[in-house]
Amino acid sequence: MQLPLSRAISPALDWRDRCSSTNTELVARAAELPDLAVIATTDQTAGRGRLGRDWSAPPGSALAISMLVRLEAVPDPRRWGWLPLVAGVAVVRAVRSLGVEGAGLKWPNDVLVDDAHGLPRKLSGILTELAPEGVVIGAGLNLSMTHDELPVATATSLALQGVPVDGDLADRALAATLRELRAIVAQWRSAGSPAELRAIVEPELRTIGRAVRIDRPGLDPLLGTALGLDDDGRLRVRPLGEGDEIIAVAAGDVTHLRYE
Ligand code: ATP
């Protein structure tokens with residue numbers, strides 16, 4: 001594929017006609033590749049979500065994008081926890097630039113848009129993974145999928161959100177995502193304080209202010225209200241009916257509850 005828009009933004013773009021998992025491939029090659037190197041495809045055959053879940057899409061209907069963020073230029077190890085979150089913000093900005101209104105983030109890693117009934121649908125998922133020399137940011141972004149092609153009923157695509165499907169949709173979507181990812185990684189690197197990172201992420205985070213249920217491995221479900229992010233990007237939750245104690249959640253499955 002020619003990809004003139006994307007190649008102009010990301011010289012180190014390795015486009016694959018088919019790839020098992022762009023994240024797996026980039027993690028394996030991280031030691032030899034430069035900062036911000038990218039592997040991408042519209043035919044990912046063994047995509048992964050968190051906790052070993054599947055990420056799937058009919059060939060040609062979705063982008064899989066992985067970008068390497070190398071270790072050396074990051075002064076503070078506590079900053080790494082923010083990387084999945086700022087990556088999600090980058091994808092929200094990218095789909096907005098393609099014309100999708102109303103996209104937002106569900107902590108920690110989903111880009112959602114509401115359907116006509118107000119129900120959240122997943123347009124993109126983010127999976128960040130450790131690599132030998134840094135971290136790989138992976139993003140799956142549904143492009144041209146029709147209703148019948150959706151892998152799960154909770155998914156949506158750019159096409160279903162009204163973005164015109166033409167020959168260069170993959171290039172436009174990839175270029176927009178790479179542009180926003182590169183910009184936000186630079187901001188993430190240069191941020192002087194957690195407050196600066198919070199100011200980038202919190203405005204896009206739908207989870208804040210919501211009643212949530214959080215399922216964590218080996219623990220009882222946590223029911224409460226999401227208040228915001230702490231200095232490490234963890235979700236601060238006030239549990240239901242337990243006084244003023246606040247719990248900081250580093251990882252878990254969040255359900256936005258529809259009642260307050
Ligand atoms: P949830 O979506 O339930 O909050 P999660 O955030 O843990 O789960 P991820 O690990 O990001 O999910 O992604 C895996 C899940 O995403 C799968 O279990 C499936 O439900 C869903 N999924 C798989 N492929 C797609 C796709 N192309 N578009 C949208 N959703 C998908």
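**The ligand site**

Tutor: An oxygen atom of the ligand is 2.3 Å from an N or O atom in the side chain of Arg-53, a polar contact in the sense of a pair of N or O atoms within 3.5 Å (within protein, one must be able to donate a hydrogen and the other to accept it, and residues adjacent in sequence count only if both atoms are side-chain atoms). This is a predicted model, in which local features need pLDDT of at least 70 and side-chain atom pairs count only at pLDDT 80 or more, while totals for chains, interfaces and linings use all residues. Residues are numbered from 1 along each chain as its sequence is written, and side-chain values use heavy atoms, with hydrogens and water left out.

Lys-106 places a polar side-chain atom 3.1 Å from an oxygen atom of the ligand. The protein buries 81% of the 620 Å² that the ligand exposes when taken alone (accessible areas by the Shrake-Rupley method with a 1.4 Å probe; for residues, only the protein chains shown count as cover).

In total, 16 residues surround the ligand, each with a heavy atom within 4 Å of it. Arg-50, Arg-53, Ser-56, Lys-122 and Asn-142 are the closest. By class, this shell comprises 7 charged, 5 nonpolar and 4 polar residues, where Asp, Glu, Lys and Arg count as charged, Ala, Val, Leu, Ile, Met, Phe, Trp, Tyr, Cys and Pro as nonpolar, and the others, Gly among them, as polar.
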